Amino acid sequence: MLKVEGIDVFYGDVQVIWDVSFEVNEGEVVALIGANGAGKSTLLRTVSGIVRPRKGGITFLGEPLAEVPPYRIIEKGIAHVPEARRLFPDMSVEENLELGALKPAAKARRADSMERVFTRFPRLEERRRQLAGTLSGGEQQMLAIGRGLMSLPRMLMFDEPSLGLAPLLVEEVFQVVRDVRADGVTVLIVEQNVRQTLAIADRAYVLETGRIVRHGSGRELLEDEEVKKAYLGV
Amino acid sequence: MVQLEVFLQTLISGILLGGLYAVIGLGMTLIMGVMKIINLAHGELMMVAMYIAFWLFSLLGVDPYVSLLVTIPALFVLGVVIQRTLISPVLKVDSILPENQVILTVGIGMILANLATMFFSSDYRSTPVSYAADAWYLSDYWRSSPIELSLSVPWTVSFGFALAITAALWGFLQHTDTGKAIRATAQDKDAALMMGINVERMTMVTFGLGAALVGAAGSLFIPMYYLYPALGGKFTLIAFVITILGGLGSTQGAIIGGIILGIFESMTATYIGMGWAPVGRFVIFVACLVFLPRGVAGLMKRS
């Protein structure tokens, strides 16, 4: 479904991604794991077109994304739930959700999609008129995920969805990721919570200083000695 | 009784002036919110609109209020062209700091003012409309009124248009997808891109809207104000004070800020002296920076 082939990414003159390739197949949950600063978020931002690779290419459903402007990526069926949520803080919950469904196909089904988001996250319905910036961290994360779902994506990219949340909410977030996949949406997830992520991932790639150093099924990597030592603290 | 009459009359003039100021301030604050730069050519754009209204009146006899139909679209287009051809290319260069990008708008303002001088000379112009001196008097409607108050016809009509324009803008920003996309772009550009918002186009539309608003203000001011090429600077400053007073980028703040400034100037003119109004403007500006650095919007957020 998503194919990333040999990309190099730079911030100014500094190279942060080195010859990275990975792919995500339809229906999978694929995880990118690695330490802070390994380049995980950068990879998602590159898929979203916000940063451009200097070398290599990205294709989604067979179509190269190199020439697609960043605001068109969502039309292709890729939604991005960004790190730190990046909600529109001075807009209401409802408005944030509406902005998730701007493209015509999603807009036509906006009311319907919003009902589904509210059914999944009843807290958001209670607070539909409240400004997003005044929600608790957990509610904000649910809103960010809901906003991503509003575009009726084929693939949803999560960037550190459990960051800064209480343990109970972390559980909830991972349950949501499973639900999203169960609804037929492919998932690409970046997480620091390696154990739980590998437990739900079909496959995962380990990223170190901008390079992919390992990849395998979630289970394989959970058993991997190096991964255990570096990320699971065993 | 006379004192109360003077006070109320001053308050009324202040509110009427403030409503027009709000439209000018709204244009600047919209641009500020989305582009994060202060448009220091704002008053000059208004000057351009006033010349359009002036020539329409002088050559074709078009009423200044009817000229809104021309100045609003004309300034929108001018704003879009300026944004596209001049400002956008400079904003894209990371090595030019935002505070220096602002200098470009100063240059644009100077060029507009000097072009106006070249083509139209520096003469003072006005549109002597038939209703310029007309007013509605309270005693005409309420015979036994203990005090006498009047509402100037052009000021009141201009204020009415200003209210309508403000309401239309508010409706647009709150209830249309494009309006919401503009607000989203102001709050978080990257997130807006991820939602599929064409941020570059929104920036252009915003600059066009800001110019259209100040263009409308030009048509609304010309029945009462003398027009000359250098008038822009004064209104840029007024817009700037309102933007700071309102809290950078806040539309509600700009409306309240405009009214506050209007009342303050009107009071200064009545109780201290006509010539002191610009001083009052600076006093309120400095006081705001010292005591209320986040403006009216910051105050509203706190409560």
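Which residue in the turn of the hairpin of β9(A) and β10(A) has a positive phi? Here are some friendly notes for a first look, with that one taken up in point 2.

1. **Ground rules.** This is a predicted model, in which local features need pLDDT of at least 70 and side-chain atom pairs count only at pLDDT 80 or more, while totals for chains, interfaces and linings use all residues. Residues are numbered from 1 along each chain as its sequence is written, chains are lettered from A and ligands numbered from 1 in the order in which they are written, and side-chain values use heavy atoms, with hydrogens and water left out.

2. **The hairpin of β9(A) and β10(A).** The residue asked about is Thr209(A), whose positive phi is about 35°, and the hairpin has two residues between its strands. Strand β9 (residues 203–208) and strand β10 (residues 211–217) of chain A run antiparallel and are joined by six bridges. Within this pairing, Val206(A) is opposite Arg214(A) of β10(A). As for the terms, helices (H or I, at least four residues) and strands (E, at least two) are DSSP runs numbered from the N terminus, and two strands pair if DSSP finds at least two bridges between them.

3. **Strand β4(A) and its partners.** Strand β4 (residues 55–60) of chain A runs antiparallel to strand β1 (residues 2–11) of chain A, with five bridges joining them. Val4(A) has Ile58(A) in β4(A) as its bridge partner. β4(A) is also joined by two bridges to strand β5 (residues 63–64) of chain A, again antiparallel. There, Thr59(A) faces Pro64(A) of β5(A). β4(A) and β5(A) make a hairpin with two residues between them, and Leu61(A) in its turn has a positive phi of about 50°.

4. Asp8(A) and Lys55(A) form a salt bridge, with their closest N and O atoms 3.9 Å apart. Asp8(A) is in strand β1 and Lys55(A) in strand β4 of chain A, so the pair ties together parts that are 47 residues apart in sequence. Asp8(A) is buried at a relative accessible area of 12%, whereas Lys55(A) is partly exposed at 43%. A salt bridge here is a side-chain nitrogen of Lys or Arg within 4 Å of a carboxyl oxygen of Asp or Glu; buried means under 20% relative accessible area, exposed over 50%, and partly exposed in between (1.4 Å probe, protein chains only). By this rule there are 27 salt bridges over all chains.

5. **A salt bridge between the chains.** Asp188(B) and Arg86(A) meet through their side chains in a salt bridge of 2.6 Å, N to O. Asp188(B) lies in the loop between α7 and α8 of chain B and Arg86(A) in the loop between β6 and α2 of chain A, so the pair joins two chains. Asp188(B) counts as buried at 11% relative accessibility, while Arg86(A) is partly exposed at 28%. Both residues belong to a network of salt bridges that also links Arg45(A) and Asp190(B).

6. **A salt bridge within a helix.** Glu126(A) and Arg123(A) form a salt bridge of 3.7 Å, N to O. They are three residues apart in helix α5 (residues 122–126) of chain A, and therefore separated by about one helical turn. Glu126(A) counts as exposed at 59% relative accessibility, and Arg123(A) as partly exposed at 42%.

7. **The largest pocket.** The largest pocket holds about 1100 Å³ of space. Its lining has 34 residues, and those nearest its centre are Asp90(A), Gln187(B), Gly249(B), Ser250(B) and Gln252(B). Gln187(B) is in helix α7 (residues 177–187) of chain B and is partly exposed, with a relative accessible area of 24%. The C-alpha atoms of Gln187(B) and Gly249(B) are separated by 9.7 Å, although these residues are 62 apart along the chain. A pocket is found on a 1 Å grid over the protein atoms alone, as an open set of points with protein on both sides within 12 Å along at least five of seven lines; a cavity is a set where a 1.4 Å probe fits but cannot get out, and lining residues have an atom within 4 Å of a point. Grid points are joined across faces, edges and corners, and a volume is the space filled by probe spheres set on the points.
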